[in-house]
Amino acid sequence: MEALKGIRILDMSHVQAGPTCSQLLAWLGADVIKFEPPQGDATRGQLRDVPNADSLYFTMLNCNKRSITVNMKTAEGKTVFVDLLKKCDIIMENFGPGVLDRFGFTWEKIHEINPRIVMGSIKGFGSNGPYSDFKAYENVAQAMGGAMSTTGVPDGPPFVTGAQIGDSGTGLHLAVGLLAALHQASRTGKGQYVEVAMMDGVMNLCRVKWRDHQRLTRQTLSEYSVPTEGLKAVPRAGNDSGGGQLGNAIKCKPGGPNDYLYVVVQEAVWEALANRIGPDLGMPGLATDPRFAKISDRRKNQNDMWALITKFASNHTKREFMAILNPLDVPCGPIMSTEDLANDEHVRGRDMYVELDHPQRGKWYNVGMPIKLSDSPAVIKRSPLLGEHTDEVLNDVLGYDGERIAKLKSAGAFSLPPKKAA
C-alpha cells in the first residue's frame, strides 16, 4: 500500500525546487498531475544531451508523474484548470510574484473554488518584505541565506556548495509543510496556503552556523582551525567539522582530486588513533604528547595534528586508511566522486542509483528515493512525455467524454495557437 495513495496533486511547479517536492510525494504514492503549458516545462530542453529527447534535468525531477498540457490563455483552458482544482487535494506553484494572480487565480479565489485544497508556493524571498520582488536562483539563495559566507577556505572567496540546498532543499521544506497542512485539512475540512522561501530554507539548513554566530559574542570558537577572537561573523574554515569534535579531509595516495578521507578525531578515539599512527611516524609517545593529550590542546594545535595524520595517510589510499581507522572506531569516510557513487555497491544495494528506460532517450539513471518506508517502498517510474496523459486525466479524473475532449482540443485548450504567417 502506498503511503499517499488517494492524494491528488496539481503540480504547476517547474525547474527544480517544486518538482523536487512533488517527485518525493509521487514516490510516496500521490497522484501528481504535472500541469504544463503547451510548450512544456523549460527544463525539458535545457542541457539536453540526447537530440529531441527530454533532458536529464527534467527526467530526474519528474518521475512518477502524469503530464497534461493546458493553455491558460484560453477560456477553455481556465475551465479545465478550475475543474482540476475541484478534484485535487494540493496545488503547487513556483511562479514569479503575481503570475497566477494575473490569470485571475489568487489564493483567495482558489480557496473559494475548493475550500479543502492546500496550496504550496515556493518563492525566492517570500511574498512579503523588502526582497519579495527580487528574482532568486540556486546560488543567489545560497549567497543570501548565509551558506556561501561560511563555505570555502579562510583566505579565499566564498564558495557555493554542490548540494542544491537552495532549490532541492527548499523543495524538501515544502513537502513537510504540505503534509502538515494536508493533515490539518483532514481534521478541519479547511485547506491553507503554505509558503517556503528559498532564502529561509537555506538559513534553516545553516542552523549550526547560527549557533556559532551567537557563541562569538561570548567566546572564541576553539574547534575552528582559524582565529576567531574579535570576529562578528562566522568565518570560512575550510574542511573543519564545524562541530564539537575535530574533523578534516586528509589527503591520501596517490594524491588525486578525490583521494581524501574525512576523519573525525573524537575525544574518545584519540589514544587508540595516536597509538596506531605514532610508531609509523617515529613518535611512539604521540598519545601523551602535551600538544595533543587533551582535547583543548588538540583544538589549539589542530593544524599540527592534521599534518601528522596526513603524513601517515600519504602511504595509504583512502580505502586503505579507512580500513585502518574503522577497527579503532574513528568516524571516517572517503570523499566519494560521482563516479565512485555511480558504481558503489552500497549505493546500488539501497536503490539510490536506479536504472530506468525512457521512450526518447533509452536507458538512464536517476537518484533513488532517500526516504525508506518499510510497508510502502517507493517504485520509481520514468518521467512523462509532454502532455502524455492529457486525455487520460481529462477522462479519468474529470469524467470528460471523447466528444467534449475533441471540442476543447479544437478550441486550443491544450495547445499553442498556430503561428501567424509572415
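Ala, Val, Leu, Ile, Met, Phe, Trp, Tyr, Cys and Pro count here as nonpolar, Asp, Glu, Lys and Arg as charged, and the others, Gly among them, as polar. The model is predicted, so local features need pLDDT of at least 70 and side-chain atom pairs pLDDT 80 or more, while totals for chains, interfaces and linings use all residues. Residues are numbered from 1 along each chain as its sequence is written, and side-chain values use heavy atoms, leaving out hydrogens and water.

**Exercise 1.** Work out how the residues lining the largest pocket divide into nonpolar, polar and charged.

*Solution.* Start with the term: on a 1 Å grid over the protein atoms alone, a pocket is an open set of points where a 1.4 Å probe fits, with protein on both sides within 12 Å along at least five of seven lines, and lining residues have an atom within 4 Å of a point. Next, sort the lining of the largest pocket: 22 residues are nonpolar, 14 polar and nine charged.

**Exercise 2.** Do the sorting for the second largest pocket.

*Solution.* First find its volume, the space filled by probe spheres set on grid points joined across faces, edges and corners: about 900 Å³. Then look at its centre, where the closest of the 26 lining residues are Met60, Ser168, Met352, Asn366 and Val367. Finally, sort the lining: 16 nonpolar, ten polar and no charged.
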